[in-house]
Amino acid sequence: METVRIRPPEEFSPDFQRMLEGVKRWFRLDFVPKMNLVTAWDPGFWAGFGRCGKRAMGNGALPRDLKEMIAVAV
């Protein structure tokens, strides 16, 4: 059960909807993950959260695909 109201992407401004489309492309999904929709309530936090996620999930010592599998397992 959700304890906060998660706004659907259609309720965001057109500019923000374009950013959410970028999230879908980044994660190679056909939906926006709920965590991104929850953090979108605060655009300042959302921007920092997104930058942090991109840096953490980019290729490095471990490839991105392996990091995603670890994240799912955790």
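Arg 51 sits in helix α3 of this predicted model. Its relative accessibility is 56%, so Arg 51 counts as exposed, the cut-off being over 50%. Asp 30 lies 21 residues away from Arg 51 along the chain, and the C-alpha atoms of the two are separated by 21 Å.

**Overall fold and confidence**

The chain has four helices and zero strands. Along the sequence the pattern reads α-α-α-α. The C-alpha atoms fill a box of roughly 40 × 30 × 25 Å along the principal axes. Of the 74 residues in the chain, 23% are buried.

Mean pLDDT for the chain is 84. A value of 70 or more is reached by 97% of the residues. Among the elements, α1 has the highest mean pLDDT, at 88. The lowest, 80, belongs to α3, the helix that holds Arg 51.

**The largest pocket**

How much space lies in the largest pocket? The volume is about 640 Å³. The lining counts 21 residues. Closest to the pocket centre are Val 23, Trp 26, Phe 27, Asn 36 and Gly 50.

Which helix supplies the largest share of the lining? Helix α3 does, with nine residues. At least two lining residues come from each of α1 (14-27), α2 (34-39), α3 (43-57) and α4 (64-73). By class, the lining has 14 nonpolar residues, four polar ones and three charged ones. The helix with the largest share of the lining, α3, is also the element with the lowest mean pLDDT.

**Rings and charges**

The chain holds one aromatic pair. Phe 12 and Phe 16 form this pair, with ring centres 5.1 Å apart. Their planes meet at 25°, under the 30 degrees cut-off, so the pair is stacked.

Trp 26 is one of the residues closest to the centre of the largest pocket.

**Exposed residues**

Where is Arg 28 found? Its place is the loop between α1 and α2. Arg 28 is not a glycine, yet its phi is positive, at about 55°. Its relative accessible area is 55%, so Arg 28 is exposed.

Glu 10 lies in the segment before α1. Glu 10 is exposed because its relative accessible area is 61%. Pro 33 is 23 residues away from Glu 10 along the chain. The C-alpha atoms of Glu 10 and Pro 33 are separated by 14 Å.

The table lists residues from both classes.

| Residue | Relative accessibility | Class |
|---|---|---|
| Arg 28 | 55% | exposed |
| Arg 51 | 56% | exposed |
| Glu 10 | 61% | exposed |

Note on methods:
Residues numbered from 1 in each chain as written. Predicted model: local features only at pLDDT ≥ 70, side-chain atom pairs only at ≥ 80, totals over all residues. Heavy atoms only, no water. 1 Å grid on protein atoms, 1.4 Å probe; cavity = no way out; pocket = protein on both sides within 12 Å on 5 of 7 lines; lining within 4 Å. Points joined across faces, edges and corners; volume = space filled by probe spheres on them. Nonpolar A, V, L, I, M, F, W, Y, C, P; charged D, E, K, R; others polar. pLDDT = per-residue confidence, 0-100. Phe/Tyr/Trp six-rings, centres within 6.5 Å; stacked < 30°, edge-to-face > 60°. Buried < 20%, exposed > 50% of the residue type's maximum accessible area, 1.4 Å probe, protein only.
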